[in-house]
Amino acid sequence: MKLTLKIWRQDNAKAKGKLVTYKLSDLSADMSFLEMLDMLNEELAIKGERTVEFDHDCREGICGQCSLVVNGQAHGPEQHYTTCQTHLRSFSDGDTLTIEPFRANSFPVIRDLKVDRTSMDHIIQAGGYISSFTGIAPEANTVPIHHDISESAFDSAACIGCGACVATCKNSSAALFLSAKVAHLAKLPQGKVERAERVVFMVNAHDDEGFGSCTNTGACAMVCPQEVQLIDITRMNYEYNRSLTTVEG
Amino acid sequence: MAFKKGLFKTSVGRKNLMAITGLFIIFFLVIHLIGNLILIIPDTFFPIEFWGGVESAHDMYNAYSHFLVHFWPITLVAWVLYAAIAVHVIDALLITLNNNKAKGEKYQVTDNSTSSWISRNMGILGSIIGIFIVIHMAQFWLKYKVLGTEPDLYQLVVATFKQEWVVILYEIGIIALGFHLVHGIESAHRSLGVYSKNAMHVIKYIALCFALVMTVLYAIIPIIIYFK
(Lines give C-alpha, C1' and ligand atoms only; values in the text may rest on other atoms or scores of the structure.)
Protein backbone atom coordinates (compact mmCIF):
# COMPACT_ATOMS: atom_id res chain seq x y z
CA MET A 1 0.00 0.00 0.00
CA LYS A 2 0.96 3.63 -0.45
CA LEU A 3 0.78 6.37 2.18
CA THR A 4 1.57 10.07 2.22
CA LEU A 5 3.06 11.19 5.53
CA LYS A 6 3.13 14.74 6.76
CA ILE A 7 5.60 14.62 9.63
CA TRP A 8 6.42 17.37 12.11
CA ARG A 9 10.13 18.20 11.80
CA GLN A 10 11.75 20.43 14.40
CA ASP A 11 15.51 20.65 15.02
CA ASN A 12 15.38 21.41 18.75
CA ALA A 13 13.16 22.84 21.49
CA LYS A 14 13.75 26.43 20.40
CA ALA A 15 13.65 25.99 16.62
CA LYS A 16 10.47 26.54 14.67
CA GLY A 17 9.01 23.32 13.35
CA LYS A 18 7.04 22.53 10.22
CA LEU A 19 5.26 19.64 8.52
CA VAL A 20 7.35 17.89 5.86
CA THR A 21 5.68 15.57 3.32
CA TYR A 22 7.10 12.12 2.55
CA LYS A 23 5.63 9.52 0.22
CA LEU A 24 6.03 5.83 0.99
CA SER A 25 5.14 2.95 -1.30
CA ASP A 26 5.50 -0.85 -1.05
CA LEU A 27 4.12 -0.80 2.49
CA SER A 28 2.48 -3.90 3.92
CA ALA A 29 -0.80 -3.66 5.82
CA ASP A 30 0.73 -5.99 8.43
CA MET A 31 3.51 -3.53 9.27
CA SER A 32 3.26 -1.74 12.56
CA PHE A 33 3.09 2.04 12.56
CA LEU A 34 6.61 2.31 13.95
CA GLU A 35 7.98 -0.16 11.38
CA MET A 36 6.65 2.20 8.75
CA LEU A 37 8.64 5.04 10.35
CA ASP A 38 11.70 2.74 10.48
CA MET A 39 11.29 2.16 6.75
CA LEU A 40 11.06 5.89 6.13
CA ASN A 41 14.20 6.46 8.22
CA GLU A 42 16.11 3.82 6.23
CA GLU A 43 15.21 5.64 3.03
CA LEU A 44 16.25 8.97 4.56
CA ALA A 45 19.55 7.50 5.82
CA ILE A 46 20.39 6.15 2.36
CA LYS A 47 19.70 9.62 0.93
CA GLY A 48 21.94 11.13 3.60
CA GLU A 49 19.16 13.16 5.25
CA ARG A 50 18.58 13.48 8.99
CA THR A 51 16.25 10.71 10.12
CA VAL A 52 12.92 11.36 11.86
CA GLU A 53 13.32 11.05 15.63
CA PHE A 54 10.54 9.46 17.64
CA ASP A 55 10.22 7.76 21.02
CA HIS A 56 9.83 4.00 21.26
CA ASP A 57 11.07 1.16 23.41
CA CYS A 58 9.28 -2.14 24.02
CA ARG A 59 7.01 -1.99 20.96
CA GLU A 60 4.53 -4.26 22.70
CA GLY A 61 2.27 -1.61 24.20
CA ILE A 62 3.46 -1.73 27.79
CA CYS A 63 6.35 0.70 28.32
CA GLY A 64 4.58 3.98 27.57
CA GLN A 65 7.45 5.36 25.48
CA CYS A 66 5.80 5.71 22.09
CA SER A 67 3.72 8.81 21.59
CA LEU A 68 2.67 10.52 18.33
CA VAL A 69 -0.58 12.16 17.35
CA VAL A 70 -1.89 10.79 14.04
CA ASN A 71 -4.51 12.89 12.24
CA GLY A 72 -5.34 14.66 15.50
CA GLN A 73 -5.75 11.44 17.49
CA ALA A 74 -3.27 10.54 20.23
CA HIS A 75 -1.77 7.09 19.50
CA GLY A 76 -3.60 6.94 16.18
CA PRO A 77 -7.08 5.93 15.11
CA GLU A 78 -7.50 2.72 17.12
CA GLN A 79 -9.20 3.37 20.46
CA HIS A 80 -7.23 2.22 23.54
CA TYR A 81 -4.12 1.27 21.51
CA THR A 82 -0.59 2.54 21.76
CA THR A 83 1.10 3.83 18.59
CA CYS A 84 3.38 0.79 18.48
CA GLN A 85 0.39 -1.57 18.55
CA THR A 86 -1.29 0.28 15.68
CA HIS A 87 -0.82 -1.42 12.32
CA LEU A 88 -1.15 -0.08 8.83
CA ARG A 89 -4.31 -2.14 8.29
CA SER A 90 -6.02 0.63 10.29
CA PHE A 91 -5.51 2.89 7.28
CA SER A 92 -6.54 2.72 3.64
CA ASP A 93 -4.28 2.65 0.63
CA GLY A 94 -3.50 6.20 -0.47
CA ASP A 95 -4.31 7.86 2.90
CA THR A 96 -2.54 11.01 4.02
CA LEU A 97 -1.40 10.87 7.65
CA THR A 98 -0.40 13.93 9.62
CA ILE A 99 2.00 12.88 12.37
CA GLU A 100 2.68 15.34 15.18
CA PRO A 101 4.30 15.13 18.61
CA PHE A 102 2.25 15.14 21.86
CA ARG A 103 1.63 18.81 22.49
CA ALA A 104 1.50 20.59 25.86
CA ASN A 105 3.62 23.29 27.42
CA SER A 106 4.80 20.73 29.98
CA PHE A 107 5.93 18.44 27.13
CA PRO A 108 8.61 20.50 25.32
CA VAL A 109 9.66 19.06 21.96
CA ILE A 110 13.21 17.67 22.08
CA ARG A 111 13.43 17.00 18.36
CA ASP A 112 10.89 16.10 15.67
CA LEU A 113 8.33 13.81 17.33
CA LYS A 114 10.23 13.33 20.60
CA VAL A 115 8.95 15.22 23.62
CA ASP A 116 10.29 15.56 27.15
CA ARG A 117 7.83 13.97 29.58
CA THR A 118 9.97 14.45 32.72
CA SER A 119 7.15 16.59 34.14
CA MET A 120 5.15 13.39 34.72
CA ASP A 121 8.07 11.84 36.64
CA HIS A 122 8.02 14.86 38.95
CA ILE A 123 4.36 14.17 39.76
CA ILE A 124 5.22 10.55 40.64
CA GLN A 125 8.17 11.66 42.78
CA ALA A 126 5.92 13.99 44.76
CA GLY A 127 3.79 11.20 46.21
CA GLY A 128 4.07 7.88 44.42
CA TYR A 129 5.64 6.01 47.31
CA ILE A 130 4.52 4.01 50.34
CA SER A 131 5.91 3.26 53.80
CA SER A 132 6.78 -0.37 54.42
CA PHE A 133 8.95 -2.53 56.65
CA THR A 134 12.49 -3.16 55.46
CA GLY A 135 14.11 -6.55 55.59
CA ILE A 136 13.09 -9.72 53.83
CA ALA A 137 10.04 -9.68 51.60
CA PRO A 138 6.94 -10.54 53.65
CA GLU A 139 4.77 -13.54 52.89
CA ALA A 140 2.36 -12.64 50.11
CA ASN A 141 -1.33 -12.42 51.04
CA THR A 142 -0.65 -11.54 54.68
CA VAL A 143 -2.85 -8.49 54.17
CA PRO A 144 -6.30 -9.57 52.99
CA ILE A 145 -7.63 -7.43 50.13
CA HIS A 146 -11.09 -7.74 48.68
CA HIS A 147 -10.99 -9.12 45.15
CA ASP A 148 -12.96 -6.20 43.68
CA ILE A 149 -10.66 -3.67 45.34
CA SER A 150 -7.50 -5.37 44.12
CA GLU A 151 -8.95 -5.55 40.59
CA SER A 152 -9.97 -1.90 40.73
CA ALA A 153 -6.54 -0.86 42.04
CA PHE A 154 -4.95 -2.86 39.24
CA ASP A 155 -7.10 -1.10 36.65
CA SER A 156 -5.67 2.21 37.89
CA ALA A 157 -2.14 0.81 38.22
CA ALA A 158 -2.31 -0.21 34.55
CA CYS A 159 -1.46 3.41 33.59
CA ILE A 160 1.81 3.33 31.63
CA GLY A 161 2.38 7.08 31.90
CA CYS A 162 2.51 7.66 28.15
CA GLY A 163 0.90 11.11 28.32
CA ALA A 164 -1.80 10.55 25.70
CA CYS A 165 -4.31 11.99 28.19
CA VAL A 166 -2.36 15.26 28.30
CA ALA A 167 -1.90 15.32 24.53
CA THR A 168 -5.65 14.90 23.97
CA CYS A 169 -6.91 17.19 26.73
CA LYS A 170 -8.04 20.60 25.51
CA ASN A 171 -6.64 22.01 28.75
CA SER A 172 -3.40 20.00 28.67
CA SER A 173 -4.34 18.60 32.06
CA ALA A 174 -2.62 15.48 33.37
CA ALA A 175 -5.59 14.70 35.62
CA LEU A 176 -6.12 11.17 34.29
CA PHE A 177 -2.47 10.19 34.79
CA LEU A 178 -2.33 11.90 38.19
CA SER A 179 -5.60 10.36 39.34
CA ALA A 180 -4.61 6.86 38.21
CA LYS A 181 -1.55 7.10 40.45
CA VAL A 182 -3.49 8.57 43.37
CA ALA A 183 -6.37 6.09 43.05
CA HIS A 184 -4.10 3.06 42.66
CA LEU A 185 -2.37 3.68 45.98
CA ALA A 186 -5.41 5.02 47.82
CA LYS A 187 -7.38 1.85 47.12
CA LEU A 188 -4.81 -0.57 48.58
CA PRO A 189 -4.04 -1.04 52.29
CA GLN A 190 -0.33 -0.56 51.59
CA GLY A 191 -1.03 2.97 50.39
CA LYS A 192 -3.10 4.11 53.36
CA VAL A 193 -0.21 5.52 55.44
CA GLU A 194 0.39 8.47 53.09
CA ARG A 195 -3.14 8.49 51.71
CA ALA A 196 -4.17 12.00 52.81
CA GLU A 197 -0.99 13.90 52.01
CA ARG A 198 -0.16 12.01 48.80
CA VAL A 199 -3.03 13.49 46.80
CA VAL A 200 -2.18 17.02 47.95
CA PHE A 201 1.54 16.66 47.18
CA MET A 202 0.79 15.18 43.76
CA VAL A 203 -1.85 17.77 42.82
CA ASN A 204 0.56 20.54 43.88
CA ALA A 205 3.32 18.97 41.77
CA HIS A 206 0.90 18.64 38.82
CA ASP A 207 0.10 22.35 39.01
CA ASP A 208 3.75 23.34 39.51
CA GLU A 209 4.66 21.47 36.32
CA GLY A 210 2.25 23.73 34.44
CA PHE A 211 -0.50 21.25 33.56
CA GLY A 212 -4.04 22.61 33.21
CA SER A 213 -7.20 22.05 35.19
CA CYS A 214 -9.53 19.13 34.38
CA THR A 215 -12.91 20.17 32.96
CA ASN A 216 -14.31 16.62 32.73
CA THR A 217 -14.64 16.48 28.95
CA GLY A 218 -13.68 12.81 29.12
CA ALA A 219 -11.46 12.91 26.01
CA CYS A 220 -8.51 11.45 27.98
CA ALA A 221 -10.31 8.24 28.91
CA MET A 222 -11.35 7.76 25.28
CA VAL A 223 -7.74 7.58 24.06
CA CYS A 224 -6.03 5.99 27.07
CA PRO A 225 -4.25 2.84 25.82
CA GLN A 226 -4.76 1.18 29.20
CA GLU A 227 -8.43 2.16 29.48
CA VAL A 228 -7.94 4.11 32.70
CA GLN A 229 -11.40 5.47 33.42
CA LEU A 230 -12.77 8.93 34.11
CA ILE A 231 -14.03 7.72 37.49
CA ASP A 232 -10.39 7.74 38.65
CA ILE A 233 -10.40 11.54 38.33
CA THR A 234 -13.54 11.59 40.46
CA ARG A 235 -11.72 9.36 42.96
CA MET A 236 -8.80 11.80 43.04
CA ASN A 237 -11.18 14.71 43.71
CA TYR A 238 -12.78 12.66 46.47
CA GLU A 239 -9.36 11.91 47.98
CA TYR A 240 -8.40 15.59 47.74
CA ASN A 241 -11.56 16.78 49.47
CA ARG A 242 -11.29 14.00 52.07
CA SER A 243 -7.73 15.08 52.82
CA LEU A 244 -8.97 18.61 53.64
CA THR A 245 -10.22 17.20 56.92
CA THR A 246 -7.53 14.63 57.64
CA VAL A 247 -4.09 16.11 56.91
CA GLU A 248 -2.03 16.58 60.07
CA GLY A 249 -0.33 19.92 60.67
CA MET B 1 1.91 22.02 55.63
CA ALA B 2 0.53 20.07 52.75
CA PHE B 3 -1.92 22.85 51.88
CA LYS B 4 0.65 25.57 51.32
CA LYS B 5 -1.17 26.63 48.15
CA GLY B 6 -4.46 27.44 49.82
CA LEU B 7 -7.80 25.75 49.49
CA PHE B 8 -9.00 27.09 46.17
CA LYS B 9 -5.73 27.74 44.37
CA THR B 10 -4.94 24.25 43.09
CA SER B 11 -6.39 22.84 39.88
CA VAL B 12 -8.68 20.59 41.94
CA GLY B 13 -9.61 23.30 44.46
CA ARG B 14 -10.62 25.76 41.75
CA LYS B 15 -12.91 23.16 40.23
CA ASN B 16 -14.47 22.61 43.66
CA LEU B 17 -15.28 26.29 43.81
CA MET B 18 -16.86 26.14 40.33
CA ALA B 19 -18.96 23.18 41.41
CA ILE B 20 -20.19 24.68 44.70
CA THR B 21 -21.12 28.05 43.17
CA GLY B 22 -22.65 26.36 40.12
CA LEU B 23 -24.86 24.09 42.20
CA PHE B 24 -26.01 27.05 44.30
CA ILE B 25 -26.97 28.96 41.15
CA ILE B 26 -28.92 25.88 39.98
CA PHE B 27 -30.82 25.88 43.29
CA PHE B 28 -31.74 29.51 42.62
CA LEU B 29 -32.81 28.68 39.05
CA VAL B 30 -35.38 26.20 40.36
CA ILE B 31 -36.87 28.73 42.80
CA HIS B 32 -36.81 31.45 40.12
CA LEU B 33 -38.64 29.17 37.70
CA ILE B 34 -41.36 28.25 40.21
CA GLY B 35 -41.99 31.96 40.87
CA ASN B 36 -42.09 32.81 37.17
CA LEU B 37 -44.55 30.05 36.35
CA ILE B 38 -47.16 32.21 38.15
CA LEU B 39 -47.03 34.41 35.01
CA ILE B 40 -48.63 31.73 32.86
CA ILE B 41 -51.31 30.38 35.19
CA PRO B 42 -54.49 30.44 33.05
CA ASP B 43 -57.35 32.74 34.14
CA THR B 44 -59.64 29.72 34.64
CA PHE B 45 -57.62 28.77 37.75
CA PHE B 46 -58.80 31.87 39.63
CA PRO B 47 -59.88 32.73 42.23
CA ILE B 48 -57.62 30.39 44.26
CA GLU B 49 -59.31 30.06 47.69
CA PHE B 50 -56.29 28.25 49.15
CA TRP B 51 -54.19 31.43 48.92
CA GLY B 52 -56.81 33.75 50.38
CA GLY B 53 -58.84 34.08 47.21
CA VAL B 54 -56.28 35.58 44.81
CA GLU B 55 -58.21 37.03 41.85
CA SER B 56 -55.71 36.75 38.95
CA ALA B 57 -52.18 35.88 37.89
CA HIS B 58 -51.62 39.63 37.79
CA ASP B 59 -52.35 40.06 41.53
CA MET B 60 -50.57 36.87 42.50
CA TYR B 61 -47.36 37.75 40.64
CA ASN B 62 -47.24 41.28 42.08
CA ALA B 63 -47.90 39.94 45.58
CA TYR B 64 -45.09 37.43 45.05
CA SER B 65 -42.62 40.09 43.93
CA HIS B 66 -43.69 42.33 46.83
CA PHE B 67 -42.92 39.45 49.20
CA LEU B 68 -39.47 38.89 47.63
CA VAL B 69 -38.48 42.53 48.01
CA HIS B 70 -39.73 42.98 51.57
CA PHE B 71 -38.71 39.69 53.20
CA TRP B 72 -35.17 40.25 54.48
CA PRO B 73 -33.88 36.64 54.33
CA ILE B 74 -34.58 36.72 50.58
CA THR B 75 -32.46 39.87 50.24
CA LEU B 76 -29.68 38.10 52.11
CA VAL B 77 -29.85 35.03 49.83
CA ALA B 78 -29.92 37.36 46.81
CA TRP B 79 -26.58 38.85 47.84
CA VAL B 80 -25.14 35.36 48.33
CA LEU B 81 -26.37 34.59 44.81
CA TYR B 82 -24.69 37.69 43.32
CA ALA B 83 -21.50 36.64 45.07
CA ALA B 84 -21.84 33.06 43.77
CA ILE B 85 -22.28 34.29 40.19
CA ALA B 86 -19.30 36.64 40.52
CA VAL B 87 -17.09 33.87 41.96
CA HIS B 88 -18.29 31.41 39.29
CA VAL B 89 -17.33 33.88 36.52
CA ILE B 90 -13.99 34.96 38.01
CA ASP B 91 -13.01 31.37 38.81
CA ALA B 92 -13.92 30.31 35.26
CA LEU B 93 -11.74 33.07 33.83
CA LEU B 94 -8.82 32.10 36.09
CA ILE B 95 -9.13 28.42 35.15
CA THR B 96 -9.38 29.26 31.44
CA LEU B 97 -6.37 31.59 31.55
CA ASN B 98 -4.34 28.94 33.36
CA ASN B 99 -5.45 26.23 30.93
CA ASN B 100 -4.55 28.38 27.93
CA LYS B 101 -1.10 28.84 29.45
CA ALA B 102 -0.76 25.05 29.78
CA LYS B 103 -1.53 24.46 26.12
CA GLY B 104 1.40 23.92 23.81
CA GLU B 105 1.61 24.70 20.13
CA LYS B 106 -1.62 24.07 18.27
CA TYR B 107 -2.13 20.79 16.43
CA GLN B 108 -2.15 21.11 12.64
CA VAL B 109 -4.93 18.53 12.48
CA THR B 110 -7.50 18.25 15.25
CA ASP B 111 -9.98 15.49 15.98
CA ASN B 112 -12.81 16.30 18.37
CA SER B 113 -14.59 12.95 18.25
CA THR B 114 -13.42 12.04 21.75
CA SER B 115 -15.49 14.62 23.64
CA SER B 116 -18.83 16.40 23.32
CA TRP B 117 -19.20 19.88 21.84
CA ILE B 118 -20.94 21.05 25.03
CA SER B 119 -18.13 19.93 27.33
CA ARG B 120 -15.55 21.73 25.20
CA ASN B 121 -17.52 24.97 24.93
CA MET B 122 -18.71 25.68 28.46
CA GLY B 123 -16.93 29.05 28.25
CA ILE B 124 -18.86 30.15 25.15
CA LEU B 125 -22.17 28.95 26.62
CA GLY B 126 -21.33 30.69 29.90
CA SER B 127 -20.52 33.93 28.09
CA ILE B 128 -23.90 33.87 26.29
CA ILE B 129 -25.60 33.30 29.66
CA GLY B 130 -23.51 36.13 31.17
CA ILE B 131 -24.61 38.60 28.48
CA PHE B 132 -28.18 37.40 28.91
CA ILE B 133 -28.07 37.98 32.69
CA VAL B 134 -26.85 41.57 32.18
CA ILE B 135 -29.72 42.34 29.76
CA HIS B 136 -32.23 40.50 31.97
CA MET B 137 -31.16 42.46 35.05
CA ALA B 138 -31.29 45.76 33.12
CA GLN B 139 -34.81 44.97 31.88
CA PHE B 140 -36.38 44.03 35.21
CA TRP B 141 -34.20 44.39 38.29
CA LEU B 142 -32.92 47.84 37.32
CA LYS B 143 -36.34 49.09 36.12
CA TYR B 144 -37.99 47.81 39.28
CA LYS B 145 -35.52 49.79 41.38
CA VAL B 146 -35.71 52.88 39.16
CA LEU B 147 -39.53 52.94 38.86
CA GLY B 148 -39.62 53.37 42.62
CA THR B 149 -42.19 52.15 45.10
CA GLU B 150 -44.47 49.27 44.18
CA PRO B 151 -44.39 49.31 40.38
CA ASP B 152 -46.68 46.94 38.50
CA LEU B 153 -44.07 44.27 37.73
CA TYR B 154 -46.61 42.02 35.99
CA GLN B 155 -47.41 44.79 33.49
CA LEU B 156 -43.68 45.42 32.96
CA VAL B 157 -43.05 41.72 32.21
CA VAL B 158 -45.99 41.45 29.81
CA ALA B 159 -45.04 44.67 27.99
CA THR B 160 -41.42 43.47 27.66
CA PHE B 161 -42.35 40.07 26.24
CA LYS B 162 -44.68 41.62 23.66
CA GLN B 163 -41.52 42.61 21.76
CA GLU B 164 -40.32 39.96 19.28
CA TRP B 165 -36.59 40.57 19.74
CA VAL B 166 -36.87 40.12 23.49
CA VAL B 167 -38.54 36.72 23.08
CA ILE B 168 -35.85 35.58 20.63
CA LEU B 169 -33.10 36.84 22.93
CA TYR B 170 -34.59 34.99 25.90
CA GLU B 171 -34.91 31.76 23.93
CA ILE B 172 -31.22 31.96 22.97
CA GLY B 173 -30.20 32.61 26.57
CA ILE B 174 -32.37 29.77 27.89
CA ILE B 175 -31.12 27.22 25.34
CA ALA B 176 -27.51 28.17 26.17
CA LEU B 177 -28.37 27.65 29.84
CA GLY B 178 -29.84 24.22 29.09
CA PHE B 179 -26.66 23.07 27.34
CA HIS B 180 -24.54 24.58 30.12
CA LEU B 181 -26.52 22.56 32.69
CA VAL B 182 -26.12 19.24 30.84
CA HIS B 183 -22.35 19.24 31.28
CA GLY B 184 -22.27 21.48 34.35
CA ILE B 185 -24.27 19.21 36.62
CA GLU B 186 -22.29 16.09 35.73
CA SER B 187 -18.96 17.92 35.91
CA ALA B 188 -19.80 19.51 39.27
CA HIS B 189 -20.46 16.13 40.85
CA ARG B 190 -17.25 14.74 39.39
CA SER B 191 -15.29 17.74 40.69
CA LEU B 192 -16.72 17.30 44.17
CA GLY B 193 -15.69 13.65 44.08
CA VAL B 194 -18.86 11.57 43.85
CA TYR B 195 -16.83 8.38 43.60
CA SER B 196 -19.40 5.90 42.42
CA LYS B 197 -19.86 4.60 38.90
CA ASN B 198 -23.55 3.90 39.53
CA ALA B 199 -24.17 7.32 41.05
CA MET B 200 -22.36 9.10 38.21
CA HIS B 201 -24.34 7.08 35.69
CA VAL B 202 -27.60 8.17 37.34
CA ILE B 203 -26.43 11.78 37.76
CA LYS B 204 -25.63 11.96 34.05
CA TYR B 205 -29.22 11.08 33.15
CA ILE B 206 -30.70 13.25 35.90
CA ALA B 207 -28.63 16.16 34.53
CA LEU B 208 -29.99 15.55 31.04
CA CYS B 209 -33.63 15.33 32.21
CA PHE B 210 -33.25 18.28 34.58
CA ALA B 211 -31.71 20.45 31.85
CA LEU B 212 -34.49 19.49 29.45
CA VAL B 213 -37.29 20.25 31.94
CA MET B 214 -35.69 23.56 32.96
CA THR B 215 -35.17 24.60 29.34
CA VAL B 216 -38.71 23.76 28.26
CA LEU B 217 -40.41 25.40 31.26
CA TYR B 218 -38.26 28.55 31.10
CA ALA B 219 -38.65 28.73 27.33
CA ILE B 220 -42.46 28.56 27.22
CA ILE B 221 -42.98 31.56 29.55
CA PRO B 222 -41.96 34.33 27.08
CA ILE B 223 -43.71 32.51 24.20
CA ILE B 224 -47.01 32.12 26.07
CA ILE B 225 -46.95 35.76 27.18
CA TYR B 226 -46.12 36.90 23.63
CA PHE B 227 -49.14 35.08 22.15
CA LYS B 228 -51.54 35.81 25.03
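**Briefing: sheet, helix packing and chain contact**

A:Trp8 lies opposite A:Leu19 of strand β2 of chain A. This is a predicted model, in which local features need pLDDT of at least 70, side-chain atom pairs count only at pLDDT 80 or more, and totals for chains, interfaces and linings use all residues. Residues are numbered from 1 along each chain as its sequence is written, while chains are lettered from A and ligands numbered from 1 in the order in which they are written. Helices (H or I, at least four residues) and strands (E, at least two) are DSSP runs, numbered from the N terminus.

**Sheet of chain A**

- Five strands of chain A form an open sheet in the order β2-β1-β5-β3-β4, with mixed pairing; two strands pair if DSSP finds at least two bridges between them.
- The edge strands are β2 and β4 of chain A, each of which pairs on one side only.
- Strand β1 (residues 3-9) of chain A is joined to β2 (residues 18-24) of chain A by seven bridges in the antiparallel sense.
- With strand β5 (residues 96-100) of chain A, β1(A) pairs in the parallel sense over four bridges.
- Across that pairing, A:Lys6 has A:Thr98 in β5(A) as its bridge partner, and A:Ile7 has A:Ile99.

**Helix α7 of chain B**

- Helix α7 (residues 164-192) of chain B has 29 residues and should span 42 Å at 1.5 Å a residue, so the 41 Å between its end C-alpha atoms agrees; the expected span is 1.5 Å times one less than the number of residues.
- A kink of about 30 degrees in α7(B) is centred on B:Leu181, the bend being the angle between axes fitted to the seven residues ending at a residue and the seven starting there.
- Just after α7(B), B:Gly193 has a positive phi of about 85 degrees.

**Helix packing**

- Helix α5 (residues 122-146) of chain B and α7(B) have axes that come within 9 Å and cross at roughly 140 degrees; axes are lines fitted to C-alpha atoms, for helices over the stretch in contact, and angles run from 0 to 180 degrees between N-to-C directions.
- α5(B) and α7(B) are therefore oblique to each other (under 35 degrees is roughly parallel, over 145 roughly antiparallel, 65 to 115 roughly perpendicular and the rest oblique).
- Their contact includes B:Phe132 of α5(B) and B:His180 of α7(B); residues are in contact if their C-beta atoms, placed from the backbone, lie within 7 Å.
- In chain A, helices α3 (residues 147-157) and α5 (residues 175-187) pack at about 155 degrees with their axes 8 Å apart, which makes α3(A) roughly antiparallel to α5(A).
- Residues A:Ile149, A:Ser152, A:Ala153, A:Ser156 and A:Ala157 of α3(A) meet A:Ala180, A:Ala183, A:His184 and A:Lys187 of α5(A).

**Contact between the chains**

- Contact between the chains involves 46 residues of chain A and 38 residues of chain B.
- On the side of chain A that touches chain B, β5, α6 (195-208), α7 (219-223) and α8 (231-246) of chain A each give two or more residues.
- α8(A) gives the most to that side, with eight residues.

**Backbone geometry in loops**

- Most residues other than glycine have a negative phi, and most peptide bonds are trans.
- A:Asn71 has a positive phi, near 50 degrees, and sits in the loop between β3 (69-70) and β4 (73-74) of chain A.
- The peptide bond from B:Phe46 to B:Pro47 is cis, with omega near -5 degrees; B:Pro47 is in the loop between α1 (11-36) and α2 (57-70) of chain B.

Terms used
Two residues are in contact if their C-beta atoms, placed from the backbone, lie within 7 Å.
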